[in-house]
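Here are my notes for your first look at this one. Have the model open while you read, and take the points in order.

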Amino acid sequence: MPTTIRIALLAGLLALLSNLAVIGFIYARTHDDAVASIHRQVDEQAKVLSDVYRTGGKAALINAIEDTLDYADPQTVVALIDSSGKELSGNLASAPSFQEGYRTSVIRLRGQPSPHQAAIVMQRLPRREWLISGRVAGEGFAIRETLESSLLIALVVAGLLGLLCGVILAHYVGHRIGEIATVANRISARDLSQRVPVSRAGDAFDRLGAQINAMLDRIGALMEQLRLLTDSLAHDLRSPVSRLRSAAHAAAETEDPVEQEELLERVVRQSDALMRILSTVLEISRSEAFTGRNQFAWFDLGELAAELAEMYDPLAEERGAALVYDRPSRPLPLFGHRQLLAQAISNLVENAIRYGSAGGEIRIGVGQRNRQIAIEVADRGPGIPLDRREEARRRFGRLDSSRSDEGAGLGLALAEAIAHLHDGELVLDDNRPGLLTTLELPVHPVQRT
Amino acid sequence: MGRKILLVEDDRETASYLAKGLTQEGHSVEQATNGQDGLFRATDGSFDLVILDRMLPVLDGLSVLKALRAAHIDTPVLILSALASVGDRIDGLECGSDDYLVKPFSFAELLARVNALLRRREARVDPAERRLMVGDLEIDPLSRSVKRAGKKLDLKPREYLLLEYFARNEGRVVTRTMLLEQVWDYHFDPGTNVIDVHVSRLRRKLDEGFDKPLLHTVRGAGYMLAA
């Protein structure tokens, strides 16, 4: 059964049930009111007659019955029946079964062709006679019947209307979902540029559509990134591999054992460099995919930065720069991956030493603002012009391609990926002069599942 | 002095290359080619060292390691793995291995680590000596004071840790990665010669003004502290 029909039937059924509840309530109330008013009248009449009997005896009662009949009210029911079942006075064509108290029963009055529904009270008198009094409930029941039939019609109409609403609703929902499904279908057929139409109403469907579009944008960006990465990986591995290949070839050709040893050492160095590129690329993709979050723990970032500053101090000094670290006076607890952040910071410091040593001073600083921790590495080197900063953080985006010996241009890309792993960002800025790189990290990244 | 080493490695080429090299170093090497067989052999506890590949048929390396540790067999274990990310290394070490070496590696690197692990085994049997002596160098681990030929050397805390690690591996090659992992506890590969700079600083304080150098560079492998 198609969903549209199911939704229509469900809506129809729900409308029917809610109407049934309302109509049932109306019916019960009106019915009870009508019956209660007849009950009251009949009780009063019975009380009057029994009072007459108590004060005046049987003869007075018969007189009272005759008087009542004289009014010729067609709805009056009254009879006195003796112990043998004979009607002493009254207008009953036949006596109903004897049972004391109030009830409704079908009775036939004398001189009338058909029996009627009536409310009666039966009272047992001391001499085993039965006093029956009551009213034919004609008009009350007639109102009820009209009411019942109109309620029944209302119910049917309500059910039909519900079904109609259901059909319209189902059609609307089906249409909105259909739009999304069409887009999904086209995407499955490899057209990632498709987007779900979003109206200006801002309803749940629009929100869903917008979310799906955002997801598609992200997937598209990731695929583009992946394409760029594989392209550049294939391209950038070409030169180290060819250097490796020629070194190996030359080592096989040469007769000089000293030269051969040198060449073989170069083979090992080149393959190590290749492996380093591959592991860094792997580390980047893993961080971007949020693996490694299970190894997050609390640690003092100020202490880690101090450790790294101490580690790189001699290297900076050797290159003619002074490494300065302003250690904060209090600990800076951060929930993160200590090893990976150590690597990210060391990449920034190594970059600063590599490209900014000529400027003299390299400054490392950490600080906290609200729930955000920032680690800054600033140098006084040439810096990176604004229009080339995006390029610098890209994988293999080394700006000076002539420096092939150190680094493969992956340092900033890895630092950025590690920042992303921590829900943070890598910011490149002008240190006036020089480069200012900042890792901005939340103290406690949002838990993902 | 030869030792008993269990090599659990499914790649025949790697296994025979390693077995050959270790045998040449005077060790006796037993081989297993899957995790289950490796675990079975390792459980008799007679080995001085287990070299365990991480990705093995039947039972993977980390499961073998966990089973060994659960059975209270504390033979040193060196994990070999092609899983090179920082997270993988930490996982490997947290499973109870004593060292973690990423493929591809040089034989010199493997040998240096094997020797360091065997040495640790020795030290465990023979309780740590109060003082470490290398030639005329004297290290007191309790007071962290260092003297050479009776003259006190003024070392920074990290330089002291570096020297103590060298001294505990006296006469054995120590690689740059080992220093980074053991002295700094970092498990990434720095792109610079930052470790060499630290070693040469230490060397200046240690050997300058003395005829006989103690801290040697071993070409293609690393460094060695020896009298």
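1. Start with strand 1 (residues 76–81) of chain A: 3 bridges join it to strand 2 of chain A, and the two run antiparallel. Within this pairing, A:Leu80 has A:Ser89 as its bridge partner in strand 2 of chain A. Strands here are DSSP runs of E with at least two residues, helices are runs of H or I with at least four, and both are numbered from the N terminus. Two strands pair if DSSP finds at least two bridges between them.

2. A word on what you're looking at: this is a predicted model, where local features need pLDDT of at least 70, side-chain atom pairs count only at pLDDT 80 or more, and totals for chains, interfaces and linings use all residues. Residues are numbered from 1 along each chain as its sequence is written, while chains are lettered from A and ligands numbered from 1 in the order in which they are written.

3. Back to the sheet. It is open, with 5 strands of chain A in the order 2-1-5-4-3 and antiparallel pairing. Strand 2 (87–90) and strand 3 (101–107) of chain A are the edge strands, each pairing on one side only. On average, neighbouring strands are turned by 25° against each other, direction ignored. Such angles run from 0 to 180 degrees between N-to-C directions, and axes are lines fitted to C-alpha atoms, for helices over the stretch in contact.

4. Chain A holds 8 helices and 12 strands. Look at helix 5 and helix 6 of chain A, which pack at an angle of about 35° with their axes 10 Å apart. Residues meeting there include A:Leu308 and A:Tyr312 from helix 5 of chain A, and A:Ile345 and A:Val349 from helix 6 of chain A. Contact means that C-beta atoms, placed from the backbone, lie within 7 Å.

5. Now for the two chains together: 26 residues of chain A are in contact with 21 residues of chain B. On the chain A side, helix 4 (257–288), helix 5 (301–318) and helix 6 (338–356) each supply at least two residues. Helix 4 of chain A gives the largest share, 8 residues.

6. Finally, is B:Val50 buried or exposed? B:Val50 counts as buried because it has 29 C-beta neighbours inside 10 Å; the cut-offs are 20 or more other C-beta atoms within 10 Å for buried, 12 or fewer for exposed, and partly exposed in between, with C-beta atoms placed from the backbone. B:Val50 sits in strand 3 (residues 49–53) of chain B. Leaving out residues up to four places away in sequence, B:Val50 touches B:Leu6, B:Val8, B:Ala42, B:Thr75 and B:Val77.
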